[in-house]
Amino acid sequence: MSKLERKIDFAALITVDMANCNGDPLNGNRPRVDFNGRGEISDVCIKRKIRNRMQDLGYPIFVQSEDRCDDGMDSLSKRANAALKGLKSKQEYAEAACRKWLDVRAFGQVFAFKGDKKDGDGVSVGVRGPVSIHQAVSLSPVDVLTRQITKSVNGESGDKRSADTMGFKHMIRFGLYLLKGSINVQLAEKTGFSEEDAEVLKQCLLTLFRNDVSSARPDGSMSVHRLYWWEHNCKDGQYSSKTVHQSLRVTLKESVELPSSVDDYQIEWLPLEGLSCEELAGE
């Protein structure tokens, strides 16, 4: 595998159309919105979707969701012990974990597990990953819709609460979200994150919402509109990540008050001298 030798920055424009892109369990599962009315998708949510796509592409993943478990392990500690048991050196443990799992060498991982009753030896190893992901934030305030829904079938025999049992369903009418991220070469050298791994990440970002369907996110209600992929010519990069991300300009057209589609925005990126930018269309 080829070593990653150039810093990479990336940004993705995500459209949300009548969907709950990331519900907040502390707020009745309403879509996350900040105090300015702008929608948010947490970095944890985005990494979960990236991990799912990596798994779909056939790569071993350490942090698997319960419904996607493919190795029979029902906990992270069992998965780690099955693959790494017997490694006493923290460095050997971290290196073996990075070789085994793509998400570990991409995002890093804290391995902090208690030992079993027989040997009593626990493990505490931290791996810092080179891929950093910002939370995605909508470029304009979003309109959150709430619909009342009704239970029409009894869950148990003799249950008298059926049609009179009410619930709620929340969704974003429309939102254009900006996701930003970077890949640090120095950390990539430590975890073994390679050029090939970077290409896998790019494909995962382009197809981020494939196989990610639920009643809250109907098929086609969320998509990656554009992915911008900047490659520097050196390890540290010619420009800071902030400068690179700010070169992407997305503004609401003057004639539009309430955006209802991506066409209501003016999208452009300003070329930076010596920095290549690949603009890719999502699904």
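Colleague: Which helix gives the most to the lining of the second largest pocket?

Modeller: This is a predicted model, in which local features need pLDDT of at least 70, side-chain atom pairs count only at pLDDT 80 or more, and totals for chains, interfaces and linings use all residues. Residues are numbered from 1 along each chain as its sequence is written, and side-chain values use heavy atoms, with hydrogens and water left out. Helices (H or I, at least four residues) and strands (E, at least two) are DSSP runs numbered from the N terminus. With four residues, the most given to this lining comes from helix α1 (residues 43-56).

Colleague: What volume does the second largest pocket have?

Modeller: On a 1 Å grid over the protein atoms alone, a pocket is an open set of points with protein on both sides within 12 Å along at least five of seven lines, a cavity is a set where a 1.4 Å probe fits but cannot get out, and lining residues have an atom within 4 Å of a point. Points are joined across faces, edges and corners, and a volume is the space filled by probe spheres set on them. The second largest pocket has a volume of about 290 Å³.

Colleague: Which residues that line the second largest pocket are the closest to its centre?

Modeller: By class, this lining has seven charged, seven polar and three nonpolar residues; Ala, Val, Leu, Ile, Met, Phe, Trp, Tyr, Cys and Pro count as nonpolar, Asp, Glu, Lys and Arg as charged, and the others, Gly among them, as polar. The pocket has a volume of about 290 Å³. Of its 17 lining residues, the closest to the centre are Cys45, Arg48, Lys49, Asp212 and Arg217.

Colleague: Is cysteine 98 buried or exposed?

Modeller: Buried means under 20% relative accessible area, exposed over 50%, and partly exposed in between (1.4 Å probe, protein chains only). Cysteine 45, at 14%, is buried. Cysteine 98 has a relative accessible area of 4%, so this residue is buried.

Colleague: Which residues line the largest cavity?

Modeller: There are two cavities of 30 Å³ or more, and about 40 Å³ of space lies in the largest. Its lining has five charged, two polar and one nonpolar residue. The lining residues are Lys49, Asn52, Arg53, Arg68, Leu208, Arg210, Asn211 and Asp212.

Colleague: Which element provides the largest share of the lining of the second largest cavity?

Modeller: The second largest cavity holds about 30 Å³ of space, and its lining has seven nonpolar, three polar and no charged residues. Among the lining residues are Ser138, Leu139, Phe174 and Tyr265. Two or more residues come from each of β8 (136-141) and β10. The largest share, four residues, comes from β8.

Colleague: Which side chain does that of histidine 170 join through a polar contact of 3.0 Å?

Modeller: Histidine 170 lies in strand β10 (residues 166-183) and is buried, with a relative accessible area of 12%. A polar contact is a pair of N or O atoms within 3.5 Å; within protein, one must be able to donate a hydrogen and the other to accept it, and residues adjacent in sequence count only if both atoms are side-chain atoms. The histidine 170 side chain reaches the backbone oxygen of glycine 28 at 3.4 Å. The side-chain partner at 3.0 Å is threonine 146.

Colleague: What is the phi of asparagine 29?

Modeller: Asparagine 29 is found in the loop between β2 (23-24) and β3 (30-31) and is partly exposed, with a relative accessible area of 40%. Asparagine 29 is among the residues that histidine 170 touches, where contact means heavy atoms within 4.5 Å. Phi is positive in this residue other than glycine, near 65°.

Key:
Lists of a residue's contacts leave out its neighbours within four places in sequence.
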